[in-house]
Amino acid sequence: MPPWQTPAIVLSVKPYGEADLLVDFLTPTQGRLTGMAKHALKSRRRFANCLEPLNRVTFFLGPRRGELEFLQKAELLDSFPTLRRDLKRLGAAAVLAELAGLLAAPPETVGTIFQTMEEALRLLDQGQAPPDSLLPPFLLRLLTLGGYGPRLAACLSCGREPEGPVYFSIPRGGIFCTSCRGEAAGPILALTPGTWKSLRLAQGMALDKLSRLRLLEFQRNESLALFRAFLRHHLGRDLKAWGFWEKVSCKVD
Ligand SMILES: [Zn+2]
(Lines give C-alpha, C1' and ligand atoms only; values in the text may rest on other atoms or scores of the structure.)
Protein backbone atom coordinates (compact mmCIF):
# COMPACT_ATOMS: atom_id res chain seq x y z
CA MET A 1 0.00 0.00 0.00
CA PRO A 2 1.42 3.48 -0.89
CA PRO A 3 1.56 6.24 1.77
CA TRP A 4 -1.94 6.89 3.06
CA GLN A 5 -3.86 8.69 5.77
CA THR A 6 -6.80 7.74 7.95
CA PRO A 7 -8.95 8.95 10.81
CA ALA A 8 -8.19 6.83 13.89
CA ILE A 9 -8.99 6.33 17.56
CA VAL A 10 -5.89 5.48 19.60
CA LEU A 11 -6.45 2.30 21.66
CA SER A 12 -3.12 1.76 23.39
CA VAL A 13 0.45 3.03 23.32
CA LYS A 14 3.53 1.07 24.43
CA PRO A 15 7.20 2.00 24.43
CA TYR A 16 9.35 -0.01 22.05
CA GLY A 17 13.11 0.14 22.47
CA GLU A 18 14.60 3.45 23.55
CA ALA A 19 12.74 5.92 21.41
CA ASP A 20 9.92 4.25 19.53
CA LEU A 21 6.28 3.68 20.36
CA LEU A 22 3.96 0.87 19.30
CA VAL A 23 0.44 2.16 18.82
CA ASP A 24 -2.78 0.13 18.54
CA PHE A 25 -5.53 2.07 16.82
CA LEU A 26 -8.98 1.70 15.34
CA THR A 27 -9.77 2.88 11.80
CA PRO A 28 -13.06 3.09 9.88
CA THR A 29 -11.80 1.13 6.86
CA GLN A 30 -9.16 -1.32 8.12
CA GLY A 31 -10.39 -2.10 11.62
CA ARG A 32 -7.74 -2.42 14.29
CA LEU A 33 -4.13 -1.84 13.27
CA THR A 34 -0.76 -1.67 14.99
CA GLY A 35 1.73 0.98 13.97
CA MET A 36 5.28 1.93 14.83
CA ALA A 37 5.97 5.58 15.64
CA LYS A 38 9.74 5.80 15.15
CA HIS A 39 11.60 8.21 17.44
CA ALA A 40 8.29 9.39 18.89
CA LEU A 41 9.78 9.67 22.39
CA LYS A 42 12.69 11.83 21.19
CA SER A 43 11.01 14.00 18.58
CA ARG A 44 7.55 14.81 19.84
CA ARG A 45 6.81 17.35 17.11
CA ARG A 46 5.42 14.86 14.55
CA PHE A 47 3.00 13.43 17.11
CA ALA A 48 2.38 16.45 19.38
CA ASN A 49 -0.20 15.40 22.03
CA CYS A 50 -1.62 12.76 19.69
CA LEU A 51 -0.43 9.44 21.10
CA GLU A 52 -2.74 9.10 24.07
CA PRO A 53 -5.35 6.32 24.33
CA LEU A 54 -8.87 7.47 23.28
CA ASN A 55 -7.62 10.42 21.20
CA ARG A 56 -9.29 10.89 17.84
CA VAL A 57 -6.56 11.71 15.33
CA THR A 58 -5.59 11.67 11.68
CA PHE A 59 -2.63 9.35 11.06
CA PHE A 60 -0.31 9.77 8.07
CA LEU A 61 1.22 6.41 7.29
CA GLY A 62 4.10 5.19 5.18
CA PRO A 63 4.04 2.11 2.95
CA ARG A 64 3.09 -1.00 4.94
CA ARG A 65 5.73 -3.62 5.66
CA GLY A 66 4.19 -6.90 6.69
CA GLU A 67 1.66 -6.55 9.46
CA LEU A 68 3.06 -3.34 10.88
CA GLU A 69 2.06 0.19 9.87
CA PHE A 70 4.58 3.02 9.89
CA LEU A 71 3.23 6.17 11.47
CA GLN A 72 4.90 9.23 9.97
CA LYS A 73 2.94 11.91 11.75
CA ALA A 74 -0.40 12.60 13.37
CA GLU A 75 -2.82 15.47 13.76
CA LEU A 76 -5.09 15.72 16.77
CA LEU A 77 -8.83 15.98 16.04
CA ASP A 78 -10.22 15.57 19.57
CA SER A 79 -8.69 14.64 22.91
CA PHE A 80 -12.04 14.58 24.80
CA PRO A 81 -10.63 16.65 27.70
CA THR A 82 -13.79 16.60 29.84
CA LEU A 83 -14.02 12.81 29.64
CA ARG A 84 -10.41 12.55 30.83
CA ARG A 85 -11.06 14.55 33.98
CA ASP A 86 -13.74 12.15 35.20
CA LEU A 87 -12.65 8.63 36.20
CA LYS A 88 -16.07 7.10 35.71
CA ARG A 89 -16.37 8.41 32.15
CA LEU A 90 -12.81 7.32 31.48
CA GLY A 91 -13.59 3.83 32.81
CA ALA A 92 -16.65 3.45 30.57
CA ALA A 93 -14.67 4.73 27.55
CA ALA A 94 -11.82 2.30 28.28
CA VAL A 95 -14.22 -0.70 28.42
CA LEU A 96 -15.88 0.30 25.12
CA ALA A 97 -12.57 1.02 23.37
CA GLU A 98 -11.14 -2.37 24.39
CA LEU A 99 -14.24 -4.17 23.13
CA ALA A 100 -14.33 -2.14 19.88
CA GLY A 101 -10.68 -3.09 19.29
CA LEU A 102 -11.44 -6.78 19.80
CA LEU A 103 -14.50 -6.80 17.55
CA ALA A 104 -13.40 -4.58 14.67
CA ALA A 105 -12.53 -7.35 12.25
CA PRO A 106 -15.41 -8.06 9.84
CA PRO A 107 -14.80 -5.59 6.95
CA GLU A 108 -18.51 -4.86 6.51
CA THR A 109 -18.92 -3.58 10.07
CA VAL A 110 -15.63 -1.82 10.92
CA GLY A 111 -16.95 1.53 9.68
CA THR A 112 -20.01 1.30 11.93
CA ILE A 113 -17.95 0.10 14.90
CA PHE A 114 -15.67 3.13 14.43
CA GLN A 115 -18.67 5.46 14.20
CA THR A 116 -20.22 3.88 17.33
CA MET A 117 -16.99 4.42 19.26
CA GLU A 118 -16.77 8.06 18.08
CA GLU A 119 -20.34 8.65 19.26
CA ALA A 120 -19.68 7.00 22.65
CA LEU A 121 -16.59 9.17 23.23
CA ARG A 122 -18.46 12.30 22.19
CA LEU A 123 -21.37 11.56 24.54
CA LEU A 124 -19.10 10.69 27.45
CA ASP A 125 -17.17 13.91 26.87
CA GLN A 126 -20.31 16.02 26.74
CA GLY A 127 -21.74 14.34 29.82
CA GLN A 128 -25.31 14.20 28.47
CA ALA A 129 -25.98 10.89 30.21
CA PRO A 130 -24.32 9.14 33.17
CA PRO A 131 -21.52 6.75 32.11
CA ASP A 132 -23.23 3.71 33.64
CA SER A 133 -26.37 4.52 31.66
CA LEU A 134 -24.41 4.81 28.39
CA LEU A 135 -22.26 1.75 28.92
CA PRO A 136 -24.95 -1.01 28.59
CA PRO A 137 -26.54 0.18 25.30
CA PHE A 138 -23.11 0.82 23.73
CA LEU A 139 -21.76 -2.58 24.83
CA LEU A 140 -24.87 -4.13 23.32
CA ARG A 141 -24.40 -2.18 20.07
CA LEU A 142 -20.74 -3.14 19.72
CA LEU A 143 -21.47 -6.82 20.45
CA THR A 144 -24.26 -6.82 17.88
CA LEU A 145 -22.06 -5.18 15.22
CA GLY A 146 -19.26 -7.63 15.95
CA GLY A 147 -21.55 -10.61 15.37
CA TYR A 148 -22.11 -11.47 19.04
CA GLY A 149 -25.49 -9.81 19.45
CA PRO A 150 -27.51 -11.35 22.28
CA ARG A 151 -30.83 -12.73 21.01
CA LEU A 152 -33.41 -10.80 22.99
CA ALA A 153 -36.53 -10.69 20.81
CA ALA A 154 -38.22 -13.97 21.83
CA CYS A 155 -37.72 -17.15 23.84
CA LEU A 156 -35.14 -19.28 22.03
CA SER A 157 -37.20 -22.40 22.74
CA CYS A 158 -40.90 -21.60 22.17
CA GLY A 159 -40.45 -18.43 20.12
CA ARG A 160 -42.90 -16.46 22.25
CA GLU A 161 -42.33 -13.09 23.87
CA PRO A 162 -41.77 -13.82 27.54
CA GLU A 163 -44.07 -12.43 30.19
CA GLY A 164 -42.60 -11.90 33.63
CA PRO A 165 -38.96 -12.62 34.37
CA VAL A 166 -36.63 -13.48 31.52
CA TYR A 167 -33.76 -15.96 31.73
CA PHE A 168 -30.63 -15.30 29.71
CA SER A 169 -28.54 -18.35 28.90
CA ILE A 170 -24.91 -17.22 28.66
CA PRO A 171 -23.75 -20.12 26.43
CA ARG A 172 -26.83 -19.93 24.15
CA GLY A 173 -26.57 -16.13 23.94
CA GLY A 174 -30.30 -15.55 24.24
CA ILE A 175 -33.39 -15.50 26.39
CA PHE A 176 -35.82 -18.13 27.65
CA CYS A 177 -39.26 -17.66 29.14
CA THR A 178 -40.33 -19.03 32.54
CA SER A 179 -41.89 -22.20 31.07
CA CYS A 180 -38.84 -23.05 28.92
CA ARG A 181 -36.29 -22.08 31.52
CA GLY A 182 -35.45 -25.76 32.18
CA GLU A 183 -34.17 -26.17 28.59
CA ALA A 184 -31.69 -23.30 28.82
CA ALA A 185 -28.01 -24.19 29.19
CA GLY A 186 -26.38 -22.57 32.22
CA PRO A 187 -25.04 -20.35 33.54
CA ILE A 188 -28.29 -18.43 33.45
CA LEU A 189 -28.87 -14.84 34.52
CA ALA A 190 -32.37 -13.68 35.42
CA LEU A 191 -33.43 -10.30 34.04
CA THR A 192 -36.39 -8.32 35.31
CA PRO A 193 -38.91 -7.48 32.54
CA GLY A 194 -37.93 -3.78 32.60
CA THR A 195 -34.25 -4.53 31.99
CA TRP A 196 -35.06 -6.94 29.18
CA LYS A 197 -37.39 -4.41 27.52
CA SER A 198 -34.81 -1.61 27.77
CA LEU A 199 -32.08 -3.74 26.22
CA ARG A 200 -34.42 -4.92 23.49
CA LEU A 201 -35.35 -1.33 22.76
CA ALA A 202 -31.67 -0.32 22.70
CA GLN A 203 -30.88 -3.05 20.19
CA GLY A 204 -33.26 -1.53 17.65
CA MET A 205 -32.51 2.16 18.30
CA ALA A 206 -30.64 4.45 15.90
CA LEU A 207 -27.13 5.30 17.11
CA ASP A 208 -27.90 8.98 17.67
CA LYS A 209 -30.84 8.07 19.93
CA LEU A 210 -28.97 5.71 22.27
CA SER A 211 -28.10 8.48 24.73
CA ARG A 212 -31.83 9.00 25.40
CA LEU A 213 -32.19 5.58 26.95
CA ARG A 214 -32.35 5.88 30.72
CA LEU A 215 -31.78 2.77 32.78
CA LEU A 216 -32.65 2.64 36.47
CA GLU A 217 -29.80 1.69 38.75
CA PHE A 218 -30.83 -1.95 39.17
CA GLN A 219 -31.34 -2.21 35.40
CA ARG A 220 -27.82 -0.91 34.78
CA ASN A 221 -26.46 -3.42 37.28
CA GLU A 222 -28.38 -6.34 35.79
CA SER A 223 -27.30 -5.35 32.26
CA LEU A 224 -23.65 -4.90 33.18
CA ALA A 225 -23.57 -8.24 35.04
CA LEU A 226 -25.04 -9.86 31.93
CA PHE A 227 -22.51 -8.31 29.53
CA ARG A 228 -19.61 -9.10 31.82
CA ALA A 229 -20.59 -12.78 32.06
CA PHE A 230 -21.33 -12.93 28.31
CA LEU A 231 -17.96 -11.40 27.41
CA ARG A 232 -16.14 -13.64 29.86
CA HIS A 233 -17.77 -16.66 28.21
CA HIS A 234 -16.62 -15.59 24.74
CA LEU A 235 -13.18 -14.26 25.65
CA GLY A 236 -12.35 -16.75 28.38
CA ARG A 237 -11.41 -13.78 30.57
CA ASP A 238 -12.66 -10.37 31.66
CA LEU A 239 -11.93 -7.31 29.55
CA LYS A 240 -8.77 -5.75 30.99
CA ALA A 241 -10.52 -2.43 31.44
CA TRP A 242 -13.35 -3.98 33.44
CA GLY A 243 -11.35 -4.01 36.68
CA PHE A 244 -10.71 -0.27 36.34
CA TRP A 245 -14.39 0.35 35.57
CA GLU A 246 -15.46 -1.63 38.67
CA LYS A 247 -13.16 0.43 40.87
CA VAL A 248 -14.26 3.83 39.60
CA SER A 249 -17.95 3.06 39.08
CA CYS A 250 -18.56 2.42 42.78
CA LYS A 251 -17.65 6.01 43.59
CA VAL A 252 -20.48 8.44 44.18
CA ASP A 253 -20.86 11.05 41.40
ZN1 LIG B 1 -40.37 -20.25 25.97
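This is a predicted model: local features need pLDDT of at least 70, side-chain atom pairs count only at pLDDT 80 or more; totals for chains, interfaces and linings use all residues.
Let's start in the middle. The largest nonpolar core takes in 70 residues, and the ones touching the most other members are Ala-93, Leu-96, Ala-100, Met-117 and Leu-142. Helix 2, spanning residues 87-103, is the top contributor, with 10 residues in this core. Where does the core sit relative to the domains? Domain 1 (4-79) and domain 2 (82-249) both supply residues, so the core lies between them.

Now move over to strand 2, which covers residues 20-27 and includes Asp-20. Strand 2 runs antiparallel to strand 3, and seven bridges join the pair. Getting from strand 2 to strand 3 takes a hairpin of three residues. Thr-27 has Gly-31 of strand 3 as its bridge partner. Asp-20, for its part, touches Met-36, Ala-37, Lys-38, His-39 and Ala-40, again not counting residues up to four places away in sequence.

Is Asp-20 itself buried, exposed or something in between? Asp-20 has 17 other C-beta atoms within 10 Å, and since buried calls for 20 or more and exposed for 12 or fewer, Asp-20 counts as partly exposed. Strand 3 (residues 31-37), on the other hand, is mostly covered, with five of its seven residues buried. Strand 3 also pairs with strand 5 (residues 69-78), this time in the parallel sense and over two bridges. One spot to look for is Met-36, whose bridge partner in strand 5 is Phe-70.

Three strands make up an open, antiparallel sheet in the order 7-6-8. Strand 7 (174-176) and strand 8 (188-191) are at the edges with a single partner strand each, so one side of each has no neighbour in the sheet. From one strand to the next, the twist averages 35°. Strand 6 (residues 166-169) pairs with strand 7 over three antiparallel bridges, and Ser-169 has Gly-174 of strand 7 as its bridge partner. Finally, look for helix 6 (residues 217-235): this helix lies across strand 6 and strand 8, running at about 160° to strand 8.

Definitions and conventions:
Residues are numbered from 1 along each chain as its sequence is written. A nonpolar core is a set of buried Ala, Val, Leu, Ile, Met, Phe, Trp, Tyr and Cys residues joined through C-beta atoms within 7 Å. Helices (H or I, at least four residues) and strands (E, at least two) are DSSP runs, numbered from the N terminus. Domain bounds come from an automatic or database domain assignment. Two strands pair if DSSP finds at least two bridges between them. Axes are lines fitted to C-alpha atoms, for helices over the stretch in contact, and angles run from 0 to 180 degrees between N-to-C directions. Two residues are in contact if their C-beta atoms, placed from the backbone, lie within 7 Å.
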